[in-house]
Amino acid sequence: QVQLAESGGGLVQPGGSLRLSCVASESILYTNAVAWFRQAPGKEREAISCIASGGYSQAYADSVRGRFTISRDLAKNTVYLQMNNLKPEDTGIYFCAAEDERGGYFCSGSVRPMRRAVWGQGTQVTVSS
């Protein structure tokens, strides 16, 4: 069973930056799309970004477009989420998830829900002064 592990969360002031990492226990990035989700207290989980297995396509939610950048390092089995100009409303637990594109999932234009994904345990991001 593939495992995902997020890291890089923390406390940051508004306007600051963080880079989250999602490390996979196996080399799945050649066949899996990876997405980042977040969940704030009392709110539904929000899909915020994804990257296709070929790395040729990324998508972002309107709430983060222009501030967040998703990227990956195949050699390290790692997907990153660079978060700039953070706002208090970005506070929440950030999860990464991976789903095999051979099952029909694709990342293009928008961040679609993942139905058969492997999930990480999450990392807390708090934006506060």
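Me: Where is tryptophan 119 found?
Reply: Tryptophan 119 is in strand S10, which covers residues 118-119. Keep in mind that this is a predicted model.

Me: Is tryptophan 119 buried, exposed or partly exposed?
Reply: Partly exposed. Its relative accessibility is 28%. Buried means under 20% and exposed means over 50%, so a value in between counts as partly exposed.

Me: What is tryptophan 119 in contact with, neighbours within four places in sequence aside?
Reply: The contacts are Leu4, Phe37, Arg45, Phe95, Cys96 and Ala97.

Me: How many residues along the chain separate tryptophan 119 from phenylalanine 95, and what about their C-alpha atoms?
Reply: The two residues are 24 apart along the chain. Their C-alpha atoms are separated by 7.0 Å.

Me: New topic. How many residues are in the largest nonpolar core?
Reply: The largest nonpolar core has 27 residues. Those with the most contacts inside it are Leu4, Trp36, Phe68, Val79, Leu81, Met83 and Tyr94.

Me: Which strands each supply at least two residues of this core?
Reply: They are S3 (18-24), S4 (32-39), S5 (46-51), S7 (68-73), S8 (78-83), S9 (92-100) and S11 (123-127).

Me: And which strand gives the most?
Reply: S3 does, with four residues.

Me: What other core lies apart from that one?
Reply: There is another core, of 12 residues. Ala35, Ala52, Ala59 and Ala97 are among them.

Me: How many bridges join S3 to S8?
Reply: Six bridges join them, and the two strands run antiparallel.

Me: What does leucine 20 stand opposite?
Reply: Leucine 20 stands opposite leucine 81 in S8.

Me: Switching to disulfides. How many does the structure hold?
Reply: Two. One joins cysteine 22 to cysteine 96, with an S to S distance of 2.1 Å.

Me: Which parts does that pair tie together?
Reply: Cysteine 22 lies in strand S3 and cysteine 96 in strand S9, so the pair ties together parts 74 residues apart in sequence.

Me: Are cysteine 22 and cysteine 96 buried or exposed?
Reply: Cysteine 22 is buried, and so is cysteine 96. The torsion about their S-S bond is about 70°, so this disulfide is right-handed.

Me: What does cysteine 50 join to?
Reply: A disulfide joins cysteine 50 to cysteine 107, S to S 2.1 Å. Cysteine 50 lies in strand S5 and cysteine 107 in the loop between S9 and S10, so the pair ties together parts 57 residues apart in sequence.

Me: Why is the disulfide of cysteine 50 and cysteine 107 right-handed?
Reply: Because the torsion about its S-S bond is about 85°. Both cysteine 50 and cysteine 107 are buried.

Me: Last one. What is the pairing of the bonded cysteines, numbered in sequence order?
Reply: The pairing is 1-3, 2-4.

Terms used: Residues numbered from 1 in each chain as written. Predicted model: local features only at pLDDT ≥ 70, side-chain atom pairs only at ≥ 80, totals over all residues. Heavy atoms only, no water. Buried < 20%, exposed > 50% of the residue type's maximum accessible area, 1.4 Å probe, protein only. Contact = heavy atoms within 4.5 Å. Core = buried A, V, L, I, M, F, W, Y, C linked by side-chain atoms within 4.5 Å. Pairing = 2+ DSSP bridges. Disulfide = S-S within 2.5 Å.
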